[in-house]
Amino acid sequence: MAIMSALVALVIITLPAPAAAQAPVRVMTIGDSITAGADGDYTWRYRLWQHLSASGTSVDFVGDNSAPHQGTYAASGWDGDHQASWGMPAWIQKDHTRDAVARHLPDLIVIHIGTNDLAYGTEAPAAAEEVRAIVTAARASRPSVKFLLMKIIPRKGTDNEVTEDFNTRIAALVGTESTAGSPIAVADAYLGVDPTQDLYDGTHPNRIGEYKIAKAVADGLWRSYGIGKEYGALPNIPTGPDVPAGVSASSGDAAATISWSPVRTATSYNVYARDRTVGQTTFNLVQFGVTATEWRQTILWNGHEYEYYVTAVRWFDESSPSSAVRVVPSAPRPNPPAGVTTTSNRNTAKITWSAVSGVESYSVYRRDVTDNGRFQQVQFNVTATTWTQTLLTSGHVYAYYVTSVSRGMESIPSATSQVEVEPDPDAPKNVRVIAGDGRATISWSSVENASSYRVYSRDTDAGGGFQMVQWNLTTTSWTQQLLHNGHRYEYYVTALNGGSEGAKSVTVAAVPYATPPAAPTNLRASAAGTSITLTWNAVTGVNNYSVYRRDVTAGQQSYTEVQFGLTATTWTQTLLTPGRVYEYYVIGVKSVRGHASDSVRIMAGGPRPGTPSSLTATPGSHSVKLAWSSVSGAENYTVYGRDVTTSEAWHPVQWNVQGTTWTQTILQDGHKYSYFVVAVRGYLEGGSSPTASAVPYTPPPPAPTGVNATVGNGSFTVSWNPVAGAESYTVYLAVPSQGSTSFKAVQWDIKGTSWTQQYVSPWQRHIYYVTAVAAGAASAPSDRAAVSWAPWKPYPCNYLTPAEPTVVGNDANGSLSLQWNVSDASAAWGFRLSPALIALGNGGAAPAVMTAHYMVNGAIDPSFKRDTGEAADYWFHSRYRGPAGNGLYAGNEIFLDVTVEFDFYVQGTRGHAKVRAKDCYQLMSP
């Protein structure tokens, strides 16, 4: 088995290496059966002792025990003292630790315990607490004792998540319980142990498991306390118990007995075998769970060589195979048969012999003396005293002997007996063939010693090779019937002597022929429901008649034979489709097919279906749904329709409708459509239903809302809210200044909810509305949105100084109102109020609200009042109303970018203002 990688201690406490002259380190191992071991075990403690001894480390193992739970250890002469007991849980061990430590005064204690606690149902936190109690009890008797706590090994078939939780808590004891005077280290025996490979019963370690635990302890002692050295690589050893020794086998009659020496730790044994005589190359398990050291296998083949080996099993572990032994079961040979004789009959040989008492069967051996062959077995398991061999070679001499078989043992050969097989017959001669009407007669001369004849034939017109067409003929002529007149047939004949067939005769040929009969006359047809009956005049000399038919309604061009072998001159065909037209003709047959009669046409009848009594037409979007009353016996319905609006003629619009409703789609909304329905059975239509008409239409979507028009860079953008179900939108425009009196569509099939018109003219008012479109129907117009624009141009401005602002009001809360006039009526100004400057003259407090007024003709213009609502810089742009007749449009509002800065102080102090016109803009002339 594969060797697992080495286990590593998790917590390292480095101590100085002990001096060579120091006394042996006294080590106590505390644990359960995993530490104590069982009868025949080596234990991991022995593997650890071997390692420490080989490393030159002086260690004295101490404890109350020196033996396993029962019996003795596999090894002797080693320090096996320990403080472990079979089935011991930590919650019991804690009560015995103090006295044991006081008795043996160990320097270091290795603890691997907790498996039984978890198995008995103790939770991981409680079990770890019991281990902590063991540490406390040991320190009570030996305060300076050191500890190496082991993470316990996993178990097979259990919830090892609980084990991992317990091991995590054991490792945590280093941080909570370790002291400088009594350190605690942890080594991991869990990590490298595979419960499916390293535990012989799922709990206790096998040999490789012992090595893995010993390695974990040894590496922990070295890395944590400097004791010994690192373990190194694990040995490559088998994991199971010892290999059984002393394996032997004795033979019996169809049986074999295998025995071996007992293996100390084995709980059972497995036996493997193979039959070398039949060529088996692998051993098969033939018995498992053997608890004794001997086993007998029966029902074997006497004379076969069998090979066996044995393995020892300890619960789940199996040892390597023992050495193999061989045995040949045997029984006394029976006597050979006497009185063997042989006789020949053509190509067969019959062998007979006298019965042998007590035998089970016989085997027959033969050799071809003529070919100087060797004896070979040609038949076995013969239970009678005679046997016949067939298919022998004519003219050859054969020799036979017989053996008797009993209980797998075969006798020596009987006396031999020879027989000569008669030679093959000659090929038939004087072979002739005479053709007739659909037949050919073959004849030949008889052959000496022939027991029968075979005739072979082929149709050269149809192709293919020769086929045997007649056999076991004892006469010298034969007639083949039912041939195709006009085809060329070839024949040859062979003679047989028993099972031996002679050579082929010469090949002869013939062409059968016949005169076709005349055509039947006076072919008549009559229909009755879905049946058609044909009658015709008889034709002299014919054997029977064939009927041919084609479906004229279906457009069939060729006829199909629908009945043959008729001996009467009338025939009825049933289950035809009503309304279909069929055409028939008849021929007479006399070995060959005769001439065809004249054809006759007839329609299959039956009652026509009734008429639907009602029909309704319901319009929809580009569709009309029809519904009508059902008609008893109708197989389906055909719908006729027309477009009345376009004066279309009636025509079928749907046929083979299985139900009583149908919807026509892809219609033109606004057109009037009319319909009627007929019931159909087969190809017969009933009467027309009443007509019904409908006009398809599609409801338009709602008008768009939220229509808005905004100015861009020489463009206008129209936007709107989306309309549910709309497929597209259309934008309409009117420009009154251009004399537009109605709106026109300027863009359609818009998929989004906005559209931009480029290169629009200035000074012209554009008015827009939008419609939504769905299924070809347009909504009502939306609300209208109007927009216009005018370009600007810069012109130079002079630096102007307006009158200083006047303090209109100043209350106790620091609220300030300013007022100023612009003397130049042709100029417009923008003003900035600065709360920071106001704060300088207001004792450091900035106003919370600032208000500005524009004066027009000495009066405040209320439309220009601006309350900033916040103590921050704010720009005010004055508004200019151009007078009529100055080349500008009267009433146009122009906002200009001109700066006026105010620096002033309040509370009686006269302020002053400074203005600087930076840029001025005016409207361009039209």
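Q: Why is Glu 583 called buried?
A: Glu 583 has a relative accessible area of 8%. Buried means under 20% relative accessible area, exposed over 50%, and partly exposed in between (1.4 Å probe, protein chains only). The value of 8% therefore places Glu 583 in the buried class. The model is a predicted one, in which local features need pLDDT of at least 70 and side-chain atom pairs count only at pLDDT 80 or more, while totals for chains, interfaces and linings use all residues. Residues are numbered from 1 along each chain as its sequence is written, and side-chain values use heavy atoms, with hydrogens and water left out.

Q: What makes the pair Glu 583 and Arg 601 a salt bridge?
A: The closest N and O atoms of Glu 583 and Arg 601 are 2.9 Å apart. A salt bridge requires a side-chain nitrogen of Lys or Arg within 4 Å of a carboxyl oxygen of Asp or Glu, so this pair qualifies. The pair links distant parts of the chain, with Glu 583 in strand S36 (residues 581-590) and Arg 601 in strand S38 (residues 600-603), 18 residues apart. Helices (H or I, at least four residues) and strands (E, at least two) are DSSP runs, numbered from the N terminus.

Q: How many salt bridges does this rule give?
A: The count comes to 25 salt bridges. Some are joined in a network, formed by Arg 274, Arg 276, Glu 305, Glu 307 and Arg 326.

Q: Why is the salt bridge of Glu 210 and Arg 47 said to tie together separate parts of the sequence?
A: The side chains of Glu 210 and Arg 47 meet at 3.1 Å, N to O. Glu 210 belongs to helix H7 (residues 207-225) and Arg 47 to helix H2 (residues 44-54), so the bridge connects parts that are 163 residues apart in sequence. Glu 210 counts as buried at 3% relative accessibility, and Arg 47 is buried at 5%.

Q: Why are H2 and H7 called oblique?
A: Two packed helices are described by the angle between their axes and the distance between the axes. The axes of H2 and H7 come within 8 Å and cross at roughly 50 degrees. Angles under 35 degrees count as roughly parallel, over 145 as roughly antiparallel, 65 to 115 as roughly perpendicular, and the rest as oblique. H2 and H7 are therefore oblique to each other. The axes are lines fitted to C-alpha atoms, for helices over the stretch in contact, with angles running from 0 to 180 degrees between N-to-C directions.

Q: How do you know whether Trp 315 is buried or exposed?
A: Trp 315 has 56% relative accessibility and therefore counts as exposed. Trp 315 sits in the loop between strand S12 (306-314) and strand S13 (317-318). Its phi is near 60 degrees, a positive value in a residue other than glycine.

Q: What makes Asn 430 count as exposed?
A: Its relative accessibility is 57%, so Asn 430 belongs to the exposed class. Asn 430 lies in the loop between strand S22 (417-420) and strand S23 (432-436). Although Asn 430 is not a glycine, its phi is positive, at about 55 degrees.
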